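Please examine the structure shown below. The paragraphs that follow lead through it step by step.

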Amino acid sequence: MNEKVINNPLEDEAIYICREVAGQFDKPVILFSGGKDSITLVRLAQKAFYPAKIPFPLLHIDTGHNFPETIEFRDQLVKELDLELHVHYVQDNIDAGNVQEESGKYASRNMLQTDSLLQAIEKHGFDACIGGARRDEEKARAKERVFSVRDDFGQWDEKNQRPEVFDMLNGRIDFGQNVRVFPISNWTELDVWSYIQQEKMEIPSIYFAHKRKVFERDGMIWSAHDEYVFREDDELVVEKIVRFRTVGDMSCTAAVESLAFDIDKVVEEIAASSISERGARIDDKRSEAAMEKRKQQGYF
Amino acid sequence: MVGNKNKVLKLSTAGSVDDGKSTLIGRILYDTHSLTDDKLEAIERSSKQKGYDYLDFSLATDGLVAEREQGITIDVAHIYFSTPNRSYIIADTPGHVEYTRNMVTGTSTSQVSIILIDARKGVIEQTKRHFFINNLLRTKEIVVAVNKMDLIDFNQEKYNAIVEDFKLLISGSDYQNQNITFIPVSALHGDNVVDKSENLAWFKGSTMMEHLENIRLEDIQEEAKARFQVQTVIRPKTEEFHDFRGYAGKLKGGELKVGDDVTVLPSGRKTQIKTISFFDQQYLSASKGSSITITLMDDVNVSRGDLIVKSAELPKESKTIMAKICWMDNKPLEAASTYFLQHGVKLVKSKVKSINHKISTDTTGATEKVSQLNMNDLGLVEIQLAQPIHFDAYDENKGNGAFILVDTKSNTTAGVGFIL
């Protein structure tokens, strides 16, 4: 038998937070995108409640612009861990006329996810939504709490966040309110990758180097997937060996040229990297305050 | 992870808006190569836009639109960087008195505090307050960074005078085991932050980063009695784990071992630890900080909020407590008002019996009779609880000696208390 539990402070903290959610809320849910952060969350939840099953269902807001690889991955994971999965489609909202699709060169469905998320929360009565956001991702997230109270509209008022002293988490809410929970708030991008490496976790293949038909625009490399990604005629399609460092929708995620075919190489590459993870997300580049504005509107 | 698996050091920084605290952090990020290219670009762009002829590193840390325009830091910002040795997390908090509550919050999650002094001003009211708060929270390790040395010509006499002034504060404090290190720096120009400098050749100590890198966690973590508060009961009820009943939580204070004689509180039932596990592996012992699952030898009734301790090391039990409270709500604290008191994960109804006095945060120890505590005030308060809690004095066991008060109507975290 092993001598002593090895402390991994970041993992211990994340597990503590997942357990607090189970203790404080009636209907928590894990927001799952198929990206590395939400996959890590599921792994942590698995460890937190073992040998019982994860006591929360997963919720995926499907923009319709997902990389097919992440959908496959999601379904496989759900089957393996015997989890309940809810999927809400942004397309349904577009068809119903509730939201309007963006058009043009930089069109994406990123902003549209918010409405679907709020609807899903209302429909299922979720009182806590666990997500994989991290503070190091972006400035507006640097000040986010671990338990972030949102109002009926999912809105976040930066001036009214509850102090989080020591590790005491106060999730008390009124009917109609909602809490977003971020167990890996203190994890950096490298921490997440190292954990995936250490745990030998499966992740969608697009995170690893592969051949893909792409085109270049504004110094960034885009997937040539004409159905979702707008491409001008003069933006030529070429084949390159690339990987995706962050996985948002196909329509707003750029690839990087890379030879990192496996997890060890990916970790090495991240450790040496000099562009931040979200630098490749065009949805953030729109304005420096982009994330903050989206959070004020109820974005995850 | 990547060699830093168990090594995370949490720092808190405090300083007045003009002391260069944000610049210091930005400088650390820059000199440890933790600023990514695109962030650096953003800083260069912003600095140019504002008409600065230097890189304003403070722009790397301010995160909300409103405050960027005002040029001051509000709230608690978390900043991450790492060296080959370990990962660091900085909780950056404001320095002004109106944000005392933020500083208490940021310091509560940190292991090391960096107190910043502007070399031109020396020890000021703000310095005293920061020192006071670190005392209140019993921060073991403090680094006093005397910044803007370039503006006093890197003068050694002036620096020594500041150190002497600060030592007067230390001599009057009731926490004698603190490690306090003084370091002269210039955050703007980079002297002594990460790299040594010619300008400060007379200073024989380490640079700030050298010092931080050499801090060993085992030296600054308190040795206290083991306290295991149950967060959730794990009952799989599956074929394989039919009778399994595990208690999940984070162990605090000290170590627990399989076979230890323990007492479950509040019931008082005695039993032994049968198994300690982390995920699917069992262990002989667990040290403080681990999130584990334990099972007990006997079939005892245990629920969320219950405390499991070694039978020979019982905590105090009471329905009345005296505590120093830092008030954080807009709505003042008044005698006879009711709040939920959250002790770790356990919630009990409480009533403020009396507010003894307000405590000054200027290190003089001055007190004042008041009828209420306003936001950012510190006071000595007596609280009546609907049920007893099992606690230790904060000074003896940080993990079991603090609580928060939750407003019953707004649900906000209204204050934090340190039990005497």
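In chain B, Pro266(B) lies in the loop between β11 (261–265) and β12 (269–278); helices (H or I, at least four residues) and strands (E, at least two) are DSSP runs, numbered from the N terminus. The bond between Leu265(B) and Pro266(B) is a cis peptide bond, with omega at about 15 degrees. This is a predicted model, in which local features need pLDDT of at least 70 and side-chain atom pairs count only at pLDDT 80 or more, while totals for chains, interfaces and linings use all residues. Residues are numbered from 1 along each chain as its sequence is written, and chains are lettered from A and ligands numbered from 1 in the order in which they are written.

Chain A also holds a cis peptide bond, joining Tyr50(A) and Pro51(A), with omega about 0 degrees. Pro51(A) is placed in the loop between α2 and β3 (58–62) of chain A. In general, most residues other than glycine have a negative phi, and most peptide bonds are trans. Phe166(A), in the loop between β6 (147–150) and β7 (178–181) of chain A, has a positive phi near 50 degrees.

Chain A as a whole contains ten helices and eleven strands. Of its 300 residues, 53% count as buried; a residue is buried if 20 or more other C-beta atoms lie within 10 Å of its own, exposed if 12 or fewer, and partly exposed in between, with C-beta atoms placed from the backbone. Phe166(A) has 16 C-beta neighbours inside 10 Å and therefore counts as partly exposed.

Helix α7 (residues 189–199) of chain A is largely enclosed by the rest of the structure, because eight of its eleven residues are buried. Among these buried residues are Leu190(A), Trp193(A) and Ile196(A). Their cover includes α1 (9–24), α2 (36–49) and α8 (263–272) of chain A. Just after α7(A) comes Lys200(A), whose phi is positive, at about 55 degrees. Lys200(A) has 7 C-beta neighbours inside 10 Å and so counts as exposed.

The axes of α7(A) and α8(A) come within 10 Å and cross at roughly 165 degrees; axes are lines fitted to C-alpha atoms, for helices over the stretch in contact, and angles run from 0 to 180 degrees between N-to-C directions. The two helices are therefore roughly antiparallel to each other, the term for angles over 145 degrees. By class, the contact of α7(A) with α8(A) has eight nonpolar, two polar and two charged residues. Here Ala, Val, Leu, Ile, Met, Phe, Trp, Tyr, Cys and Pro count as nonpolar, Asp, Glu, Lys and Arg as charged, and the others, Gly among them, as polar. Two residues are in contact if their C-beta atoms, placed from the backbone, lie within 7 Å.

Chain A also has an open sheet of four strands in the order β9-β8-β10-β11, with antiparallel pairing; two strands pair if DSSP finds at least two bridges between them. β9 (220–223) and β11 (256–257) of chain A stand at the edges with a single partner strand each, so one side of each is left without a neighbour in the sheet. Strands β8 (residues 210–217) and β10 (residues 238–243) of chain A are joined by five bridges.

Finally, the contact between the chains takes 61 residues from chain B and 55 residues from chain A. Strand β13 (residues 281–286) of chain B gives the most to the side of chain B that touches chain A, with six residues. Two bridges join β13(B) to strand β1 (residues 2–4) of chain A, and these strands run parallel.

Terms used. Parallel < 35°, antiparallel > 145°, perpendicular 65-115°, else oblique.
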